[in-house]
2 protein chains.
Amino acid sequence: MSTYSIGIDIGATNTDIGLVRNDGTVMGHHILKTQEYEQTDAYIRDITHGIRQLMQGHAISAIDGIGIGAPNANFFNGCIEENTVNLRIKERIPLRALLTESFQVPIVVDNDANAAAYGEHIYGGAKEMRHFIMLTLGTGVGSGIVIDNQILHGHTGTAGELGHAIVNPMGRRCHCGRIGCIEAYACAQGICDNYIEEWKKGEIKPLLEPEDVSTVTCQFIGESAVKGDPLAMKAYDTTAYWLGIALANAAAFSAPEAIFLMGGPTRAGEALMKPLRHYFEEHLLYIYKGKISVQLSLLNSNDAAILGAAALSKLIY
Amino acid sequence: MSTYSIGIDIGATNTDIGLVRNDGTVMGHHILKTQEYEQTDAYIRDITHGIRQLMQGHAISAIDGIGIGAPNANFFNGCIEENTVNLRIKERIPLRALLTESFQVPIVVDNDANAAAYGEHIYGGAKEMRHFIMLTLGTGVGSGIVIDNQILHGHTGTAGELGHAIVNPMGRRCHCGRIGCIEAYACAQGICDNYIEEWKKGEIKPLLEPEDVSTVTCQFIGESAVKGDPLAMKAYDTTAYWLGIALANAAAFSAPEAIFLMGGPTRAGEALMKPLRHYFEEHLLYIYKGKISVQLSLLNSNDAAILGAAALSKLIY
């Protein structure tokens, strides 16, 4: 008998509620417009309604659990904390407590990167792995760390900020205000910065010259790199260099079986992964060499957020 | 009723067997000369004899467990792996299996830094802590990481090599052959290198001028720093700078409650700890600021190795 879970991905634009079969098939979506909600009770009412609609639409009478990936999520208390950027509801939202009133199943709330990691664990390439790391590249660089099948939350509840590991203390300023975080070299803007810095040097001639700096996007660089554009490949090589050091350091911390990557910038594929594997192995302490794989997420990128959220409900805690 | 454990610290010179009461008092030692042993059976026979002598000498009929801190230890199989530098026995030594023949108690074998961490957890300043990190400064820089009351071993069994996190990729060469590991700045030789580099610049006048480079030892620098010598303090400041970045990165990984330090170079006390706390907080991601303490081990340095080893026998696994 198939069983089902609900995954909810709360983003600035959409609150995407998905019904997920245990083999990782997303059966259907119910979408709310996040910005339409200013009050917690209306938001919870419509989420509850959305879950019930999905269940009825697929003639499902029971679900195993509900997982929610959200910004500013507090795993310990099951809330979105107050004053979350990108939400119009400014009070603390006790998602777990309020949804438990309607659904008597395990309900877990956590941040997007932890959801992504657990999605890989339950539905993706890390099914058999007790120890691995997920890195999510996008507007920022997030991470979820799995230790002994559990998401690492640490004492403060906010463990796993590998995007803000400092790898180049004399280098580029990061969004967080500090100098030399890996995020400054590996997020979408960081890859653009790599490209623009190299373009201005004028030493490498691109296949397709951008009109001006404002037309340089991470997507443009990724597509150019896939086509073999040397300037775009150099931008990814720079990302791979710093990311290789950061991942070698992460390896020396938790000695994982694998490190996964997902997110827009990883669509460049081997233009990122080939130099990344090279720099990772080069900077790895000898006792780890050849023992830790660096690979792309096996989750379909369209479903990854919903699968990650749904996977959270499988956490044992 | 008091209960007792055995801690065994296997070093290149001595194999120190200690009887430890559960309040952390070391009741007595039995010392073997490690280099006298070329054969596993003689070594195990004399360790077994030493444990029995200690028990008889203190009229103790039962022990709770045996913990062993050793070089090249494999926690998973309870062995010292083959070809261990500094041991004359070159075959794999199945300590756990062989000692279990004489003592039917939990027996745990692990490396020195993990033993140090667990010693702090059972007998020292981390008794109430579920998440913390121990850094051991000495000939090298080791670390033991405790996550949810467990020592982190990772997939490979060799997690927690924070001494080899790269913090200065353009910097100094480390013992491991790579460039810019924190060990190159924070081990005893690294502190000497900081001092000598600064001394050669000639900008800071030491209180006590060394005769030549060969007389510069970490102990000399530490004692000078405690007396307020500006050159020695500068050497420690450089260590603290790089260590502060490395520990801020470690904090972003596991979000621990505290980070402890022990070992010879930490005898400089506040000459190390004051700048270290400063650089640590300065480089900490804002979400962790003020939440993670950096402190010296509370274990008496003479007993730390034995207490750490004895503590290993309390591991739940």
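This is a predicted model: local features need pLDDT of at least 70, side-chain atom pairs count only at pLDDT 80 or more; totals for chains, interfaces and linings use all residues.

Trainee: In which sense do strand E11 and strand E12 of chain B pair, parallel or antiparallel, and what makes them a pair?

Mentor: Two strands pair if there are at least two bridges between them. Strand E11 (residues 258-262) and strand E12 (residues 293-296) of chain B have 4 bridges, in the parallel sense, so they pass that test.

Trainee: What do E11(B), helix H8 and E12(B) make?

Mentor: Together with helix H8 (residues 270-283) of chain B, the strands E11(B) and E12(B) make a β-α-β unit, and its hand is right. The call rests on the view with the strands pointing away from you: the path from the first strand over the helix to the second runs clockwise.

Trainee: What is the strand order in the open sheet of chain B?

Mentor: The order is E3-E2-E1-E4-E7, 5 strands with mixed pairing. Strand E3 (26-33) and strand E7 (107-110) of chain B are the edges, because each has a single partner strand and one side of each is left without a neighbour in the sheet. From one strand to the next, the twist averages 15°.

Trainee: How do you know that E1 and E2 of chain B pair, and in what sense?

Mentor: Count the bridges again: strand E1 (residues 4-10) and strand E2 (residues 14-21) of chain B share 7, in the antiparallel sense. One place to look is Ile10(B), which stands opposite Thr15(B) in E2(B).

Trainee: Which helix packs on that sheet?

Mentor: Helix H9 (residues 304-312) of chain B does, touching E1, E2, E3, strand E4 (66-69) and E7 of chain B. The direction of H9 makes about 120° with that of E1(B).

Trainee: And in chain A, which strands are called edge strands?

Mentor: Strand E3 (26-33) and strand E7 (107-110) of chain A, each of which pairs on one side only. The open sheet there has 5 strands in the order E3-E2-E1-E4-E7, with mixed pairing. E2(A), residues 14-21, and E3(A) pair antiparallel over 7 bridges, and in E3(A) the bridge partner of Asn14(A) is Lys33(A).

Trainee: Where is Asp9(A) found?

Mentor: Asp9(A) is in strand E1 of chain A. Its relative accessibility is 21%, and buried means under 20%, so Asp9(A) counts as partly exposed. Beyond neighbours within four places in sequence, Asp9(A) is in contact with several residues, including Asn14(A), Thr15(A), Ala305(A) and Ile306(A). Asp9(A) and Ala115(A) are 106 residues apart in sequence, yet their C-alpha atoms are 9.2 Å apart in space.

Trainee: How do you know that Cys218(A) is in no disulfide?

Mentor: A disulfide needs two cysteine sulfur atoms within 2.5 Å. For Cys218(A), the nearest cysteine sulfur is that of Cys192(A), 5.5 Å away. Over all chains, the search finds 0 disulfides.

Trainee: Are Cys218(A) and Cys187(B) called buried or exposed?

Mentor: With the limit for buried set at under 20%, Cys218(A) is buried at a relative accessible area of 12%, and Cys187(B) is buried at 2%.

Trainee: Last one: how is chain B laid on chain A?

Mentor: By a turn of 180° and a shift of 0.0 Å along the axis, with an RMSD of 0.0 Å. The two copies are therefore related as by a two-fold rotation axis. In chain B, the C-alpha nearest that axis belongs to Val167(B), 3.0 Å from the axis. The same surface serves both copies, as 100% of the contact residues of chain B recur in chain A.

Conventions
Residues are numbered from 1 along each chain as its sequence is written. Chains are lettered from A and ligands numbered from 1 in the order in which they are written. Side-chain values use heavy atoms; hydrogens and water are left out. Copies are superposed by least squares on the C-alpha atoms of residues with pLDDT of at least 70 in both. Contact means heavy atoms within 4.5 Å. Buried means under 20% relative accessible area, exposed over 50%, partly exposed in between (1.4 Å probe, protein chains only). Helices (H or I, at least four residues) and strands (E, at least two) are DSSP runs, numbered from the N terminus. Axes are lines fitted to C-alpha atoms, for helices over the stretch in contact, and angles run from 0 to 180 degrees between N-to-C directions.
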